[in-house]
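These are my notebook entries on one protein model. I set down what I looked up, in the order in which I looked.

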Amino acid sequence: MNQRYDIKLFFHYVIPSVLSFALSGVYSIVDGFFVGNSVGDLGLSTINIAYPIVALIQSFGTGIGMGGAICYAIRKAEKKEGKAREFSAGALWILLLSGFLLTVGILLLNRPLLRVLGAKGVLLSLGEEYISIIALGAGLQILGTGLVPFIRNHGGSFYAMASMIAGFAANILLDYLFVWVFQQGVAGAALATVIGQGITMLAALAYLLYKKQLTLRIPYSCMGSVSASIFKTGIAPFGLAMAPNITLTLVNRFSILYGGEKAIAVYACIAYMICILYLILQGVGDGSQPLMSRYYGEGNFIQQGKVRNLAYVVSMLLSVLGCIVLYTAKGSLGLLFGASNDVSQEVAATLPIFLLSAPLDAFNRVTTSSFYATDKSTCSYLLTFCEPLFMLAFMGILPPLFGGQAMIWWSTVFAKLLTAFFALAIKLRMDKQGLPASRSIGKL
């Protein structure tokens with residue numbers, strides 16, 4: 001396979017994935033834009049406080065879908081067609097069951113969850129209104145996000161992107177109608193989000209039906225082992241998808257202590273935009289996953305390494321480009337979401353702190369993706385969950401000692417920096433032991 005073809009094939013998978021992930025991040029921005037300009041800072045803070053619950057639903061879909069799709073791709077590359085189809089069926093059963101359980105669970109725990117996230121008073125009542133509708137559509141969201149990785153692994157990267165675009169376009173139109181025209185506030189935004197995800201789900205189902213890849217047939221005796229493999233592989237993609245929202249939750253909780261509702265509104269504007277950049281970087285890692293999993297299954301470790309290295313280069317370039325764009329627009333971001341002048345000025349002053357960590361995140365996300373794409377689950381777990389632990393430690397220690405709210409912002413940067421050093425150490429050790437040596441995971 002010549003180098004030009006390698007690069008062309010890489011971008012055939014990665015470009016649609018990057019655009020799809022960017023659009024998934026824009027879902028939250030659309031809600032924030034329409035609600036912020038309709039309700040004001042209070043509405044913006046409501047979406048910001050409640051959004052981790054939305055992200056939890058979508059991350060379950062991503063984790064299950066990626067776990068099943070990676071297992072499918074590796075078995076298919078190993079010429080185990082029957083086993084590969086068992087992972088397709090197993091993942092679909094888990095997605096359906098998860099949608100039902102999350103709907104029931106979130107409806108029952110709506111208020112306590114929002115309290116844990118820091119909502120109180122008017123924020124709590126508005127958050128309940130928003131999340132109740134989101135919970136009713138949890139099944140649509142889980143299937144919408146969970147089926148997309150299978151489409152990519154069946155070679156339908158551009159179709160996956162098109163299905164995301166269809167849902168996104170519907171979300172914009174319905175947000176305009178429900179929030180601005182019919183004045184439904186946060187409830188209208190939630191309904192628009194659910195319907196948009198439902199359209200993505202229908203498009204994904206149509207593709208898999210057309211390709212004759214949609215199946216629920218799996219021997220009962222195999223369901224346990226298949227489910228275990230899907231969960232084992234999917235934990236890290238789930239964690240990466242949740243990472244910006246874990247950060248959001250931590251920042252909100254600590255900001256209440258030091259900066260109050262103003263700090264939450266400031267971070268809401270920043271989080272909307274920085275989350276898109278993080279998701280774009282995740283799109284590079286997950287877009288290259290089908291190729292890394294295929295080459296790993298075939299035993300072609302040289303090509304697998306080339307794909308990973310190209311992913312590093314592309315993600316770094318995108319992180320730098322994204323930082324330049326956001327830095328240039330920093331003075332307008334608060335106004336975009338209908339924030340007050342005071343909040344807008346604080347957004348412009350604070351955003352550069354978060355941009356410093358974007359290249360670090362590019363390295364961390366591609367490294368983690370390369371591990372779970374090649375069945376190195378333990379390594380991917382370590383990198384996925386060490387960052388929020390570092391962040392929690394920094395936020396607990398630094399603000400009381402060195403500067404209150406400012407140290408909340410800087411704690412996110414320090415956590416990503418420490419994670420990057422950790423990721424580099426693991427990567428170098430794994431590279432030294434050899435790419436195919438998956439058994440070396442246990443020695444870490």
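**Entry 1: the whole protein**

I began with burial and found that 60% of the 444 residues of the protein count as buried. I note here that the model is a predicted one.

I then looked up the secondary structure, which comes to 15 helices and 0 strands.

Next I asked what radius of gyration the protein has. The value is 21 Å, and it agrees with the figure near 22 Å that a compact globule of 444 residues would have. Along the principal axes, the C-alpha atoms fill a box of roughly 60 × 45 × 40 Å.

I also looked up the contacts in the protein with a separation of 6 or more, and 83% of them join residues 24 or more positions apart. For the accessible surface I noted about 17,200 Å², with 69% of that area belonging to carbon and sulfur atoms.

**Entry 2: the largest cavity**

How many cavities of 30 Å³ or more does the structure hold? I recorded 5 of them. The largest cavity contains about 340 Å³ of space. It is lined by 23 residues, and those closest to its centre are Phe 21, Ser 24, Gln 58, Thr 62 and Leu 279.

I then looked up which helices contribute to this lining. At least two residues each come from H1 (3–39), H2 (41–77), H5 (138–153), H8 (220–258) and H9 (260–298). The largest share is that of H2, with 6 residues. Sorted by class, the lining of the largest cavity has 11 nonpolar, 10 polar and 2 charged residues.

**Entry 3: the second largest cavity**

I turned to the second largest cavity and noted a volume of about 130 Å³. Its lining is made up of 15 residues, and nearest its centre lie Asn 245, Leu 248, Ala 271, Tyr 272 and Cys 275.

Which helix gives the most to this lining? I found that H9 does, with 7 residues. The helices that each supply at least two residues of this lining are H2, H8 and H9. By class, I recorded 11 nonpolar, 4 polar and no charged residues for the second largest cavity.

**Entry 4: the largest pocket**

I next looked up the largest pocket, which has a volume of about 250 Å³. Its lining includes Val 18, Met 273, Ile 276, Leu 277 and Ile 280. Leu 318, Leu 321, Gly 322, Val 325 and Leu 326 also line this pocket. Two or more residues of the lining are given by each of H9 and H10, and H10 has the largest share with 5 residues. I counted the classes as 9 nonpolar, 1 polar and no charged residues.

Last, I looked up Asn 309, which lies in helix H10 (residues 301–328). Is Asn 309 buried or partly exposed? Its relative accessible area is 40%. Buried means under 20% and exposed means over 50%, so Asn 309, at 40%, is partly exposed.

I also looked up how Asn 309 stands to Gly 287. The two residues are 22 apart in sequence, and their C-alpha atoms are 13 Å apart in space.

Technical notes. Residues are numbered from 1 along each chain as its sequence is written. This is a predicted model: local features need pLDDT of at least 70, side-chain atom pairs count only at pLDDT 80 or more; totals for chains, interfaces and linings use all residues. Side-chain values use heavy atoms; hydrogens and water are left out. On a 1 Å grid over the protein atoms alone, a cavity is a set of points where a 1.4 Å probe fits but cannot get out, and a pocket is an open set with protein on both sides within 12 Å along at least five of seven lines; lining residues have an atom within 4 Å of a point. Grid points are joined across faces, edges and corners, and a volume is the space filled by probe spheres set on the points. Helices (H or I, at least four residues) and strands (E, at least two) are DSSP runs, numbered from the N terminus. Ala, Val, Leu, Ile, Met, Phe, Trp, Tyr, Cys and Pro count as nonpolar, Asp, Glu, Lys and Arg as charged, and the others, Gly among them, as polar. Buried means under 20% relative accessible area, exposed over 50%, partly exposed in between (1.4 Å probe, protein chains only). The radius of gyration is taken over C-alpha atoms; the globule rule is 2.2 Å times the number of residues to the power 0.38. Contact means heavy atoms within 4.5 Å. Accessible areas come from the Shrake-Rupley method with a 1.4 Å probe; for residues, only the protein chains shown count as cover.
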